Amino acid sequence: MALLEIRNMTHWFGGLRAVYNFNTRIEPGEIRGLIGPNGAGKTTVFNLVTGFYTPTEGQIFFLGREITGLRPHQIGRLGISRTFQNLRLWTHLTALDNVKIAYYSQIRYGLIGAFFNTRARREEEERIDHEARQLMRMLDIDQYAHRVVSGLPYGIQRKVEIARALATKPKLLLLDEPTAGMGPAEMEETMAFIRRIRDQFNLTIWLIEHKMKFVMGLCGWIQVLNFGEIIAEGPPEEIQRNPEVIRAYLGEMVEL
Ligand SMILES: Nc1ncnc2c1ncn2[C@@H]1O[C@H](COP(=O)(O)OP(=O)(O)O)[C@@H](O)[C@H]1O
Ligand SMILES: [Mg+2]
């Protein structure tokens, strides 16, 4: 059974067809790539899978169960997590607090617990503090735990966001342009980092990227979107020399 399966997914924004007849099957453990020029519909695909939008047509299955139309928190609870093209962090808070907030957003205290500092609540807070620190240690960002996020290097901020996404213990992690704003050295490091977290957390990873070297080096299978349609898919070697892909990307391909 595929981890994620999408059948004939189409999405319209008013009169704009952002995604048209999108199909995919992603197997557990894959690092999958989604590429295409700006405005091709890549982020929309991720927004559809995570329940930010409901597809106009088509179906999405996760672990064999249909998730089309579920709310984002329901989909998150089933095991799909994501990061954003533009970082979504509490920049005035510490890295540790950012990670802890991701844990808190999953739990709901009863009304009583919200008003009184019950023992159960204190224990829960201790557990979250412990788990957040441990997660940051595993990602090798624990040395930044008490630093305010706005003062951290961009690459570290990206890792803090990934830590937040991992707090929900996902099976599938969607990364929307994880190397945006990075130079070549940071990019290399991020490639190794993504492989490592895939193994360490038993993840399947689906990523959107522009940097060819990054996508080609990481992904076993790549799908190419152009004007909302898949114009090519295959292993990196094939995609790289596909004339239609080169044409669609003309002027936008980042060689790095
Ligand atoms: N919420 C929205 N409302 C209307 N149009 C949107 C919305 N989100 C994206 N679009 C449009 O859909 C198309 C695909 O956008 P997007 O998925 O962000 O592309 P990509 O991530 O590939 O750059 C673009 O034309 C974009 O302007
Ligand atoms: Mg995008």
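**Strands, helices and single residues**

Guide: In S4, Glu 57 is the bridge partner of Thr 10. This is a predicted model, in which local features need pLDDT of at least 70, side-chain atom pairs count only at pLDDT 80 or more, and totals for chains, interfaces and linings use all residues. Residues are numbered from 1 along each chain as its sequence is written, while chains are lettered from A and ligands numbered from 1 in the order in which they are written.

Visitor: How many bridges join strand S1 to strand S4?

Guide: Helices (H or I, at least four residues) and strands (E, at least two) are DSSP runs, numbered from the N terminus. Two strands pair if DSSP finds at least two bridges between them. Strand S1 covers residues 4-13 and strand S4 residues 57-62, and they run antiparallel. The number of bridges joining them is five.

Visitor: Which strands stand at the edges of the open sheet?

Guide: The open sheet has four strands in the order S2-S1-S4-S5, with antiparallel pairing. Each edge strand has a single partner strand, so one side of it is left without a neighbour in the sheet. The edge strands are S2 (16-26) and S5 (65-66).

Visitor: Is strand S8 largely enclosed by the rest of the structure or left open, and which strands pair with S8?

Guide: A residue is buried if 20 or more other C-beta atoms lie within 10 Å of its own, exposed if 12 or fewer, and partly exposed in between, with C-beta atoms placed from the backbone. Five of the five residues of S8 (residues 204-208) are buried, so S8 is largely enclosed by the rest of the structure; Thr 204, Trp 206 and Ile 208 lie on one side, with Ile 205 and Leu 207 on the other. In the parallel sense, S8 pairs over four bridges with S3 (residues 31-35), where Ile 31 stands opposite Ile 205. Over five bridges, also in the parallel sense, S8 pairs with S7 (residues 172-176).

Visitor: At what angle do helix H3 and helix H5 pack?

Guide: Two packed helices are described by the angle between their axes and the distance between the axes. Axes are lines fitted to C-alpha atoms, for helices over the stretch in contact, and angles run from 0 to 180 degrees between N-to-C directions. The axes of H3 (residues 95-104) and H5 (residues 119-138) are 9 Å apart, and the packing angle is about 120°.

Visitor: Which residues of H3 are buried?

Guide: Two residues are in contact if their C-beta atoms, placed from the backbone, lie within 7 Å. In the contact of the two helices, Leu 96, Val 99, Lys 100, Tyr 103 and Tyr 104 of H3 meet residues of H5 including Ile 128 and Asp 129. What covers the buried residues of H3 includes H5 and helix H6 (154-166). Those buried residues are Ala 95, Leu 96, Asn 98, Val 99, Lys 100 and Ala 102.

Visitor: Is Pro 236 buried, partly exposed or exposed?

Guide: Pro 236 lies in helix H9 (residues 236-240). Not counting residues up to four places away in sequence, Pro 236 touches Met 216, Cys 219 and Ile 222. Because 17 other C-beta atoms lie within 10 Å, Pro 236 is partly exposed.

Visitor: Is Gln 200 buried or exposed?

Guide: Gln 200 is found in helix H7 (residues 184-200). With 11 other C-beta atoms within 10 Å, Gln 200 is exposed.
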